[in-house]
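Please work through each task before reading its solution.

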Amino acid sequence: MQAKQIFDAFAQLRVLIVGDVMIDSYIFGKVERISPEAPIPVVNVKRKEIRLGGAGNVAMNIKSLGGTAILCSVVGNDSDANDLVKLLIDNDLPTEGIIKSNERITTVKQRVLAGSQHVVRIDSEMNGLINADERFQLIKKANFLAESCDVIIFEDYDKGALDAESIKAIVAFAKSKGIPTIVDPKKRNFLHYQGTDIFKPNLKELKEGLKIDFDSKNLDEIRAAVASAKLTLGVKGVFLTLSENGVFIDFEGETHHIAAHLRSITDVSGAGDTVVSIAAMCLALQLTPKVIAEMSNLGGGLVCEYMGVVPIEKEKLKAEYQKHL
């Protein structure tokens, strides 16, 4: 499939993202003095901004690539949840998959930036697992929404929206309908994604999740670690991101190591969201493991050139992909 055909086909895809949605809040300012109260900088606020974060950033990446993104998550029943729903509406994203609960609060990550300097991050969250009623609602809603989707992304940030029971139920439903699944994991549910199609950890997550160590610059050791992960996790494929060492994929009987492209790195925030978004859309189109790895690797690098969490630019990715064919 040619690059133009791939990017045209992206526009036909419907992607369900199940997991932890949050708000990324930014305070942009300038530091001109140190506080007399403590040895800390005083940030003079110039601008404030809120964006969709976590699974919401994945949705923004899917939308930016031309697909239809549908979020499914449990949030609080609070003013931050209202802001989140407004962000979805403002970005032409559906809101039907958002479940509000009086038992939870909506996760907000507030970053204070002075120029290009990240001064501090303040997190408002609760990361306890969803209760039985919330789980029932999530499974019911996710399975209903999945019916019309081409691929499911599990976007896990360890904030509690996903647990072993909900993951098992949604994966079983996806299998029964022939819907491919891809996972962006975190530590708590790491071993619970049995039977998914592609498992996409980063280096730190793989080492911690399986309690193993290996040389991330040694291809033989990477290959062995990924093969072990496939077996232990009971997944069809593993797509491992290696930061400055690129990516490695083991899927459909193929293994490929794709080196990272030289970039001017400004901020790595959100790069994993971009990688899983691109990989999911490629998976839905049944593209080869090599294409999945190459295009996702390019996209992850491109978003690192920008400050803060931003979605991939479709035309920029398309141009870069055509250049590297």
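**Exercise 1: helices α1 and α10**

In this predicted model, the axes of helix α1 (residues 3-10) and α10 approach within 10 Å and cross at roughly 155°. Classify the orientation of α1 relative to α10, and name the residues in α1 and α10 that meet.

Solution. The crossing angle makes α1 roughly antiparallel to α10; angles under 35 degrees count as roughly parallel, over 145 as roughly antiparallel, 65 to 115 as roughly perpendicular and the rest as oblique. Axes are lines fitted to C-alpha atoms, for helices over the stretch in contact, with angles from 0 to 180 degrees between N-to-C directions. The crossing of α1 past α10 is right-handed. In contact (heavy atoms within 4.5 Å) are A3, K4, I6 and F7 of α1 with K314, L317, K318, Y321 and Q322 of α10. By class, this contact comprises five nonpolar, one polar and three charged residues.

Residues are numbered from 1 along each chain as its sequence is written. Local features need pLDDT of at least 70 and side-chain atom pairs count only at pLDDT 80 or more, whereas totals for chains, interfaces and linings use all residues; side-chain values use heavy atoms, without hydrogens and water.

**Exercise 2: helices α9 and α10**

Determine how α9 is oriented to α10 and which residues make the contact.

Solution. The axes of α9 (residues 289-303) and α10 (residues 314-324) come within 10 Å, crossing at roughly 130°. Helix α9 is therefore oblique to α10, and their crossing is right-handed. Helix α9 contributes V291, E294, M295, L298, G299 and L302, while α10 contributes K316, L317, E320, Y321 and H324. Six nonpolar, two polar and three charged residues form the contact of α9 with α10.

**Exercise 3: helices α2 and α8**

Describe the crossing of α2 and α8 and the residue classes in their contact.

Solution. For α2 (residues 55-64) and α8 (residues 271-284), the axes come within 9 Å and cross at roughly 50°. This makes α2 oblique to α8, with a right-handed crossing. N57, V58, N61 and I62 of α2 make the contact with D273, T274, V276, S277 and M281 of α8. The classes are four nonpolar, four polar and one charged.

**Exercise 4: the whole protein**

How many helices and strands does the protein have?

Solution. There are 10 helices and 13 strands. The C-alpha atoms fill a box of roughly 60 × 45 × 40 Å along the principal axes.

Methods: Helices (H or I, at least four residues) and strands (E, at least two) are DSSP runs, numbered from the N terminus. A crossing is left-handed if the near helix is turned anticlockwise from the far one by less than a right angle, and right-handed if clockwise. Ala, Val, Leu, Ile, Met, Phe, Trp, Tyr, Cys and Pro count as nonpolar, Asp, Glu, Lys and Arg as charged, and the others, Gly among them, as polar.
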